[in-house]
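Please examine the sequence and the three-dimensional structure shown below before reading on.

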Amino acid sequence: MTEDRSSVVVVGAGIAGVACAVELTRAGVPVQIRERGHVCGGRMASKRFQGRPADTGAAYFTATDPDFAALVEQWRAAGLVREWTDTFQAYDRSGNHEVPGPMRFAAPRGLRSLVEHLAGPVPVTVDRLVLTVEPGPVVDGQSCAAVALAMPGPQAALLLDPALTEATRVVQAQRWSPSLAAVLRFPTRRWPDFRGAFVNEHPVLNLVCDDGDRRGDGAPVLVAHTVPEFAAGHLAQPTGAGPAIEQAVRDLLGLPEQAVDVHVHRWTYAKPTSDAGGATHHLDADGIGLAGDAFGKPRVQSAWRSGRDLGRALAARLA
């Protein structure tokens, strides 16, 4: 890629980074997205199993912000999202019951497809690892107009000199909890009718979703998300947690059959647990910006709005 000192470098191609880059592009500011992974999406992650996608990151999203709701309508018009459910089950020690809530949206092609669609007008370079970000700003020794770090704070902290930037202090103050996501593929659908279930006071499970119902194809696939305490004990070897997660899901739903395949994905930084004090993003005098769902509630909508707001702030500064 040709280096351009007049461009903004966005590090991270999750929805926050892509939303930031889209806003800069609309303002006529040159922008590059650098993503260390093979694909866009971040924690809106999807993985294919025998050609069928399953969501391994965010389980769904809601839309209460009018601007984000307008984007959701664009995705719906493109056939990328569907209304899924406004009712979950809740399992606890006393049994289970229905829990009404906001409409939850799902993506038939996987949530990653939404980030890819949003990223359409901006250049994304995948498999591009960024190692250092210095005031100037300077990214891996190359000057640029500004840099936006759209990733969990502990990952951003690895790129920043701890003694030099205000951004460093912000990311070091962030706290995150881990989780494991397990995709369980079964021979047949043998579970009670449900969309998704919050699991309370459980030593392993936090959330279980019927991925066949979520996707709309009826496939016999469940996706389970674990509590942080269980995940913390398996971060070094997440695949080893598969049997315990499968057994916990089978016990919860009374399933007689074993899964034919269990895939476990590790999220060391799954959910922010610290308070950003009402800020939707951070932009310091060094030209280093921060965006993501750590700036607000841990939601897809919060991450999008954070990136959007940082993009607008950068465009205004560079105008």
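## Basis of the report

This is a predicted model, in which local features need pLDDT of at least 70 and side-chain atom pairs count only at pLDDT 80 or more, while totals for chains, interfaces and linings use all residues. Residues are numbered from 1 along each chain as its sequence is written, and side-chain values use heavy atoms, with hydrogens and water left out.

Helices (H or I, at least four residues) and strands (E, at least two) are DSSP runs, numbered from the N terminus. Strands of a sheet pair through backbone hydrogen bonds, either parallel or antiparallel. Two strands are said to pair if DSSP finds at least two bridges between them.

An open sheet of six strands has the order β7-β2-β1-β11-β18-β17, and its pairing is mixed. At its edges are β7 and β17 (282-283), each of which pairs on one side only. Two bridges link β17 in the antiparallel sense to β18 (residues 288-291), and G289 in β18 is the residue opposite L283. The helix α1 lies across β1 (8-11), β2 (31-34), β11 (146-150) and β18, and runs at about 165 degrees to β2. Such angles run from 0 to 180 degrees between N-to-C directions, and axes are lines fitted to C-alpha atoms, for helices over the stretch in contact.

The antiparallel pair of β8 and β9 (residues 138-139) has two bridges, and V133 has V139 in β9 as its bridge partner.

Strands β5 (residues 82-92) and β6 (residues 95-106) are also antiparallel, with nine bridges. A hairpin of two residues joins β5 to β6, and T87 stands opposite P100 in β6.

## Two backbone details

Most residues other than glycine have a negative phi, and most peptide bonds are trans. Where is P137 placed? It is in the loop between β8 and β9. The peptide bond that joins G136 and P137 is cis, with omega at about -10 degrees.

D127 belongs to the loop between β7 (124-125) and β8. Its phi is near 55 degrees, a positive value in a residue other than glycine.

## The contact of α2 with α9

The axes of α2 and α9 come within 10 Å and cross at roughly 105 degrees. The two helices are therefore roughly perpendicular to each other; angles under 35 degrees count as roughly parallel, over 145 as roughly antiparallel, 65 to 115 as roughly perpendicular and the rest as oblique.

The contact (heavy atoms within 4.5 Å) involves D67, F68 and L71 of α2 with V300, Q301, W304 and R308 of α9. By class, these are four nonpolar, one polar and two charged residues. Here Ala, Val, Leu, Ile, Met, Phe, Trp, Tyr, Cys and Pro count as nonpolar, Asp, Glu, Lys and Arg as charged, and the others, Gly among them, as polar.

## Pocket and cavities

Rolling a probe the size of a water molecule over the atoms shows where empty space is left. On a 1 Å grid over the protein atoms alone, a cavity is a set of points where a 1.4 Å probe fits but cannot get out; a pocket is an open set with protein on both sides within 12 Å along at least five of seven lines, and lining residues have an atom within 4 Å of a point.

The second largest pocket has a volume of about 250 Å³. Its lining has 15 residues, with V22, R26, L71, L118 and W304 nearest the centre. The largest share, five residues, comes from α2. Eight nonpolar, two polar and five charged residues make up this lining. A volume is the space filled by probe spheres set on the grid points, which are joined across faces, edges and corners.

The structure holds two cavities of 30 Å³ or more, and the largest cavity has a volume of about 60 Å³. Of its 13 lining residues, M151, Q174, A291, A294 and F295 are the closest to its centre.
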